[in-house]
Amino acid sequence: RVATAGGVVYEADYVIVTFSLGVLQQNVVAFDPPLSFVKQVAINEFVSLPLSYIYVTFNTSVNVPNQSSAHFAFALQRRLEWMWCRRLTHSQGPEDVWRFWLSGEESKRLERQPLADTIREATEVMGLLTSATPIALQITNVTYNPLYFGGYHSWPPAVDHKQFDLLREPISNKVFFAGDAYDLSKYAKAAAISGNETGQIVADCVAGTCSAYVKYAPEEPRPETPTPVVCDGATRVSEMSSSLVVFFAVTCIVGVAV
């Protein structure tokens, strides 16, 4: 049963959760019963990072030397910003569209500031290359958007495949998770692969044969069975130090596993 903020209620046998990690980390979605502690820990161990795309349309074609690669970086004098840009228009039409992208604190700064300031910065950056004038600008604004709360996710150094499996693990084969954070690929490719695999698992469940989701962490070897100790008399063990154990026993028979 899924209830939306607008009061609409959906009922189904299975649910696929595709919220971004940023949304799950902000706790704007309530689960009843709540997610397990280990599931919540796994969700919060991954990092949701800010990323902004800025699409700028210029009034004329922008001719840039060596633009065959259509991919290069800038650095203004005061700090690194407007780091990457790429030309999206491939035809020699009357207008030219470029895409810039920023991440980290620069992304947050850009999305907080007025649109007029962003247009001014776009003009300043492109002024290093051309006299063309921006005539339209669009920002993705996903850092503070409650539908996203971040542009992409990242694995901190301490996170391993165990946490990744806990992040992906379905709940009682009823609630499944899919999206770019749930596959080892990146970005849209990861979202597509994860969505396809999760959809197939749910389809199998509908058919009555739920298939297990793929785990990436290697199986840990099972601990060996302790060697049994059988004594026909009282046994007393006194641990004197980390390297010395003194046994007081009467005719002990120690079973040795072969």
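Predicted model: local features only at pLDDT ≥ 70, side-chain atom pairs only at ≥ 80, totals over all residues.
Tutor: Ground rules: local features need pLDDT of at least 70, side-chain atom pairs count only at pLDDT 80 or more, and totals for chains, interfaces and linings use all residues. Numbering runs from 1 along each chain as its sequence is written, and side-chain values use heavy atoms, with hydrogens and water left out.

Student: What makes Lys39 a residue of helix 2?

Tutor: Helices are DSSP runs (H or I, at least four residues; strands are E, at least two), numbered from the N terminus. Helix 2 covers residues 37-45, and Lys39 lies in it.

Student: Which residues does Lys39 touch?

Tutor: Leaving out residues up to four places away in sequence, Leu166, Leu167, Arg168, Glu169 and Phe177; contact means heavy atoms within 4.5 Å.

Student: What makes a set of residues a nonpolar core?

Tutor: Its members are buried Ala, Val, Leu, Ile, Met, Phe, Trp, Tyr and Cys residues joined through side-chain atoms within 4.5 Å. The largest one here has 14 residues, where Ile54, Val56, Phe58 and Phe100 touch the most other members. Strand 5 (51-58), strand 8 (96-103), helix 4 (115-126) and strand 9 (134-139) each supply at least two of its residues. A separate second core has 13 residues, including Leu21 and Leu167.

Notes:
Buried < 20%, exposed > 50% of the residue type's maximum accessible area, 1.4 Å probe, protein only.
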